[in-house]
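Colleague: I would like to go through the assignments in this model and hear the grounds for each. Can we take them in turn?

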Amino acid sequence: MTEGYRDGKPKPIVELQGVGKSYFRDKEPIVVLDNITLDVPEGSYEALMGPSGSGKSTLLNLIAGLDRPTRGTARVAGQDLTRMSDGELARFRSRTMGFIFQAYNLMPVLTAVENVELPLLLTNLSASERRKRAQTALRVVGLEERMGHYPRQLSGGQEQRVAIARAIVNDPTIIVADEPTGDLDRKSADEILALLEKLNKEFKKTILMVTHDPQAAERATVTRRLDKGNLS
Ligand SMILES: Nc1ncnc2c1ncn2[C@@H]1O[C@H](COP(=O)(O)OP(=O)(O)OP(=O)(O)O)[C@@H](O)[C@H]1O
């Protein structure tokens with residue numbers, strides 16, 4: 001059998017085994033995630049739903065290497081995140097992950113293309129190569145014409161598209177999106193969802209999206225539900 005394959009199926013890109021996450025208040029544990037076991041196949045587009053406070057963002061952050069589980073193991077893109085140092089985790093995030101949040105988090109003093117270039121400042125790429133890649137990412141999200149615009153000159157939907165361009169400029173394997181349409185009207189939300197679908201289908205990105213929006217979840221290929229720290 002070829003390495004990386006099990007029963008002829010591609011090895012999952014996310015593998016969580018018995019993952020738990022607790023916070024401690026006055027030495028009393030508050031269990032947020034109980035005992036999560038999850039396989040996400042490469043190339044899938046999954047939505048994570050569940051009541052407020054059920055641990056959706058916590059779970060997404062563990063998968064993305066932004067946080068660490070209290071117990072269990074998390075393998076993502078072939079690497080055991082639980083064994084990594086903080087520096088290794090930071091490198092893992094910048095190489096493997098693309099982040100999209102509800103708040104677009106664009107720098108107001110930078111233009112669209114400069115915002116998209118930001119993650120590339122951590123690489124050895126030349127300034128002209130950085131600019132070229134940022135332009136390509138803006139073309140993918142349909143905003144090439146708005147390259148020189150500042151965030152305040154863009155609509156909410158356009159700002160989120162710039163944020164998506166910034167998330168894909170490193171060519172990540174996995175995109176994590178936490179309520180990507182939470183602040184948008186229906187039409188702009190639908191444009192963002194169409195873009196995520198394109199990134200999944202055409203660019204083969206694995207996408208994990210936390211959402212409260214049933215219409216957003218419907219566009220994903222798999223919907224999982226989290227309730228009181230357990231997945232169904
Ligand atoms: N750093 C922290 N310290 C203590 N408790 C925390 C911390 N981060 C999250 N929590 C708690 O963990 C629980 C789950 O939070 P999380 O943000 O993952 O939920 P969620 O399902 O994403 O909620 P929402 O849909 O409202 O965003 C909440 O009760 C929250 O208060």
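Modeller: What follows goes through the sheets, the helices, the ligand shell and a few single residues of a predicted model.

Colleague: What makes strand 8 and strand 12 the edge strands of the six-stranded sheet?

Modeller: The six strands form an open sheet in the order 8-9-10-5-11-12, with mixed pairing. Strand 8 (97-101) and strand 12 (230-231) each pair on one side only, and that makes them the edge strands.

Colleague: Why is strand 9 called largely enclosed?

Modeller: A residue is buried if 20 or more other C-beta atoms lie within 10 Å of its own. Five of the five residues of strand 9 pass as buried, so the strand is largely enclosed by the rest of the structure. Ile174, Val176 and Asp178 point one way and Ile175 and Ala177 the other way, and all are buried.

Colleague: Which strands does strand 5 meet through strand 10's side of the sheet, and by how many bridges?

Modeller: Strand 5 (residues 45-49) is joined to strand 10 (residues 206-210) by four bridges, and the two run parallel. Glu46 has Leu208 of strand 10 as its bridge partner. Helix 6 (residues 186-201) packs on the sheet here, touching strand 5, strand 9 and strand 10, and its direction makes about 150° with that of strand 10.

Colleague: Which helix lies across strand 8?

Modeller: Helix 5 (residues 156-168) lies across strand 8 and strand 9 (174-178), and runs at about 165° to strand 8.

Colleague: What makes the pairing in the four-stranded sheet antiparallel, and where are its edges?

Modeller: The open sheet has the order 4-3-6-7 with antiparallel pairing. Strand 3 (residues 12-25) and strand 4 pair in the antiparallel sense over ten bridges, and the cut-off is at least two. The bridge partner of Ser22 in strand 4 is Val31.

Colleague: What about Lys27, buried or exposed?

Modeller: Lys27 is in the loop between strand 3 and strand 4. With 5 C-beta neighbours inside 10 Å, Lys27 is exposed.

Colleague: What surrounds the ligand?

Modeller: The shell is made of Tyr23, Val32, Gly50, Ser52, Gly53, Ser54, Gly55, Lys56, Ser57 and Thr58. By class, two are nonpolar, seven polar and one charged. Helix 1 (residues 56-63) gives the largest share of the shell, three residues.

Colleague: Why is helix 1 called mostly covered?

Modeller: Six of its eight residues are buried, namely Lys56, Thr58, Leu59, Leu60, Leu62 and Ile63. Helix 1 is followed by Gly65, whose phi is positive, near 75°.

Colleague: How do you know that Glu218 is exposed?

Modeller: Glu218, in helix 7 (residues 214-219), has 11 other C-beta atoms within 10 Å. The limit is 12 or fewer, so Glu218 is exposed. Its C-alpha atom is separated by 8.3 Å from that of Ala47, 171 residues apart along the chain.

Colleague: What does the record say about residues 14-232?

Modeller: An unreviewed UniProt entry lists them as "domain: ABC transporter". Over residues 14-232 the chain is 34% helix and 28% strand, with the end C-alpha atoms 17 Å apart.

How values were computed:
Residues numbered from 1 in each chain as written. Predicted model: local features only at pLDDT ≥ 70, side-chain atom pairs only at ≥ 80, totals over all residues. Contact = placed C-beta atoms within 7 Å. Axes fitted to C-alpha atoms, helices over the stretch in contact; angles between N-to-C directions. Near = placed C-beta within 6 Å. Nonpolar A, V, L, I, M, F, W, Y, C, P; charged D, E, K, R; others polar. UniProt positions renumbered as here; feature names shortened; annotations may be inferred.
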